[in-house]
Amino acid sequence: MGSPIVLGIESSCDETGAGLVRDGKLLGHAVASSMDDHARFGGVVPEIAARAHVHAFNPVVRQALDQAGLRLSDIGAVAVTTGPGLSGALQVGLAGAKGIAYALDVPLYGVHHLAGHVAADTLEHGPLPDPCMVLIVSGGHTSLLLVRDLARDPIVHLGDTLDDAAGECFDKVARVFGLPYPGGPAIDRAARDGDPRAVAFPRPLTGPRDDPYAFSFSGLKTAAARWAEGHAGRELPVADGAASLQEAVADVLTRKAVAACAEYGVGTLVVVGGVAANSRVRSLAEERCRAAGVTLRVPPLRLCTDNGAMIAAVGDLLVRAGAQPAPLNMSIDPSAPLEYAALHPLAAGAAVAVR
């Protein structure tokens, strides 16, 4: 008999996700998004997101089970995102996960949201090489990580964003350009008809004296806004601006990631997170990895954005590694740093990562 079936629950932002994984294989998953409810506000409204999670939780779990041809009683462990994320949204997912785990009398595991993005790739390409380089790019996070055994070892940060994340830069510039929310996909679509060399946007933190693996996109965001302001009274060439912005972001991300692979002697780069769905980030990463002799792994588009399958994937790794389940008083940590894949914050507020 194999490992238990792990139910993963994700509710850190505006997607309610449930996924089922056993022995590294995805059995079924479902996602409900409240993105349309936030679009008119130009960003996620925490109260609306939390309310949407309450309504979507049970249907999403049922859809995942139906897709896998399973019953609730088939679940042998539950994994849930405990941070980082929106406090109210995380609370809904944790409450639901605790209820299922308690009713079924199965172990519960708290999972770091970003570790979930890393594990998402294993559902498509198998176990992660030890070591591997991981570039996480999303609306709230941009990090370059050295990862060994995801379930057991500490995650080494080579560099993180000092201000805006890459996805946040896309969202804010899209609004300036008059494009809809979410900004990342809108920028990608607009860029198809533009010239990536039309605007000489800066490449932040790529000078010889800069931290080689830190990121900063606030200045790029400002440069794009100033460029748009310079067209006041004239038609804004949105396609050229979008293509040039996208090229700058992709250039910085991939340049630093491939350089880190060379410096640390790592042969595999894994690019994950919502911005990993960006067409130029993917194509430039492929081009540069090929030239450097580095194997590139990127999850399929459906697993790049937030989903429960990625949380189940971490839970499955933890179960098979013999990790200690979460304590009964596990709470959330909305600003949890990424140190270990397992994240079991205590109700009193002290975050405890299982080693």
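**Entry 1: ground rules**

I worked with a predicted model, where local features need pLDDT of at least 70, side-chain atom pairs count only at pLDDT 80 or more, and totals for chains, interfaces and linings use all residues. Residues are numbered from 1 along each chain as its sequence is written, and side-chain values use heavy atoms, with hydrogens and water left out.

**Entry 2**

I began with two packed helices, which are described by the angle between their axes and the distance between the axes. Helices (H or I, at least four residues) and strands (E, at least two) are DSSP runs, numbered from the N terminus. Axes are lines fitted to C-alpha atoms, for helices over the stretch in contact, and angles run from 0 to 180 degrees between N-to-C directions.

How far apart are the axes of α7 and α9? I found them 7 Å apart, with an angle of about 115° between helix α7 (residues 183-191) and helix α9 (residues 238-264). The two are therefore roughly perpendicular to each other. For that word I used these cut-offs: under 35 degrees is roughly parallel, over 145 roughly antiparallel, 65 to 115 roughly perpendicular, and the rest oblique.

I noted that α7 passes α9 in a left-handed crossing. A crossing is left-handed if the near helix is turned anticlockwise from the far one by less than a right angle, and right-handed if clockwise.

Next I listed who touches whom, with contact meaning heavy atoms within 4.5 Å. From α7 come I187, D188, A190 and A191, and from α9 come V238, A239, A242, A243, L245 and Q246. I sorted the residues of this contact into 8 nonpolar, 1 polar and 1 charged. In that sorting, Ala, Val, Leu, Ile, Met, Phe, Trp, Tyr, Cys and Pro count as nonpolar, Asp, Glu, Lys and Arg as charged, and the others, Gly among them, as polar.

**Entry 2: α8 against α9**

How do the axes of α8 and α9 cross? They come within 11 Å and cross at roughly 165°. That makes α8 roughly antiparallel to α9. Here the crossing is right-handed.

The contact is made by L220, A224 and W227 of α8 together with G241, L245, A248 and V249 of α9. I counted 6 nonpolar, 1 polar and no charged residues in it.

**Entry 3: aromatic rings**

Then I went looking for rings. Rings of Phe, Tyr and Trp (its six-membered ring) pair if their centres lie within 6.5 Å; planes under 30 degrees apart count as stacked, over 60 as edge-to-face and the rest as tilted. How many aromatic pairs are there by this rule? The count comes to 4.

One of these is F177 with W227, an edge-to-face pair at 5.6 Å centre to centre and 65° between the planes. F177 lies in the loop between α6 (166-176) and α7, and W227 in helix α8 (residues 218-229), so the pair ties together parts that are 50 residues apart in sequence. Both F177 and W227 are buried. My cut-offs were under 20% relative accessible area for buried, over 50% for exposed, and partly exposed in between (1.4 Å probe, protein chains only).

I also checked Y213 and Y264: their ring centres are 6.4 Å apart and their planes at 55°, so this pair is tilted. Y213 is in the loop between α7 and α8 and Y264 in helix α9, so the pair ties together parts that are 51 residues apart in sequence. Y213 is buried at 6% relative accessibility, while Y264 is partly exposed at 38%. Finally, I noted that ring pairs link F177, F201 and W227 into a cluster.

**Entry 4: two residues and their neighbours**

S216 sits in the loop between α7 and α8 and counts as buried at 13% relative accessibility. Which residues does S216 touch, not counting those up to four places away in sequence? I found T161, D163, P204 and L205.

A228 is in helix α8. Leaving aside neighbours within four places in sequence, A228 is in contact with V176, F177 and L236.

I found a cis peptide bond between G83 and P84, with omega about -10°, and another between Y181 and P182, with omega about -5°. P182 is in the loop between α6 and α7.

D105 has a positive phi of about 55° although it is not a glycine. Is D105 buried or exposed? D105 is exposed, with a relative accessible area of 70%.
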